[in-house]
Amino acid sequence: MRLEINGWSSKITFSASHIIPGHEKCGRLHGHDYAINAKIEGEIGSNGVIMDFISVKEFLRGVASELDHRVMIPRKDPRVDVSKSQVRYRLKDKEFLFPLGDCILLDIEVASAETLANFVLQRMLETVRFPKNVTRIEIGVDEGRGQGAWTGQDL
Ligand SMILES: [Zn+2]
């Protein structure tokens, strides 16, 4: 049995900008509308449900609002330099300088839908308490409607 949360219809969405270094088109600063989706697999409990997924939705909405209207900075990229008030992102042929307050620093190497999905999944496993009957969690991050990256973990 599986619960599914659709980020678009549940309004678990955010708008943010990123850069994918080395890509001709995506190497330019640009933005997307994103949605975070989730699937929760498990047996139905004695109360007739897999779990109350309001806590999952609240968690996902919190993550989405953290990322909303920010420049997503992959802190693990060695070309990123964070100072007290600014973020410098120095690429081969250009350099970006952002006010720190406009950025969200993420512990990832590159701000792709794939790494964002991993980031959300790890944060969710650390934050949300799942009942024992839940056996698997999946997270999908859509970069625009109809295209996204999924990741999952067995519990
Ligand atoms: Zn993009």
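Start by selecting phenylalanine 98, which counts as buried at 9% relative accessibility. Buried means under 20% relative accessible area, exposed means over 50%, and partly exposed lies in between, with a 1.4 Å probe and protein chains only. Residues are numbered from 1 along each chain as its sequence is written, and side-chain values use heavy atoms, with hydrogens and water left out. The model is predicted: local features need pLDDT of at least 70 and side-chain atom pairs count only at pLDDT 80 or more, while totals for chains, interfaces and linings use all residues.

Rings of Phe, Tyr and Trp (its six-membered ring) pair if their centres lie within 6.5 Å; planes under 30 degrees apart count as stacked, over 60 as edge-to-face and the rest as tilted.

By this rule there are 2 aromatic pairs. Select phenylalanine 14 and tyrosine 34 for another stacked pair, 4.8 Å centre to centre with 5° between the planes. Phenylalanine 14 is in strand 2 and tyrosine 34 in strand 3, 20 residues apart. Strands (E, at least two residues) and helices (H or I, at least four) are DSSP runs, numbered from the N terminus. Phenylalanine 14 is buried at 2% relative accessible area, and tyrosine 34 is buried at 0%.

Next, select the zinc ion. Which protein donors does the zinc ion have? They are His18 (NE2), His30 (NE2) and His32 (NE2), lying 2.0 Å from the ion. Donors are N, O and S atoms within 2.8 Å of the metal (3.2 Å for Na, K and Ca); water is not among the atoms, so sites may look incomplete. The donor residues have the sequence spacing H-x11-H-x1-H. Histidine 18 lies in strand 2 and histidine 32 in strand 3 (residues 30–42), so the two tie together parts 14 residues apart in sequence. Histidine 18 is buried, at 2% relative accessible area, whereas histidine 32 is partly exposed at 21%.

Now show strand 4 (residues 70–74), where 4 of the 5 residues are buried, so the strand is largely enclosed by the rest of the structure. Strand 4 pairs in the parallel sense with strand 2 (residues 13–18) over 2 bridges; two strands pair if DSSP finds at least two bridges between them. Valine 71 in strand 4 stands opposite serine 17. Strand 4 also pairs with strand 8 (residues 103–106), in the parallel sense over 4 bridges, and there isoleucine 104 is the bridge partner of methionine 72.
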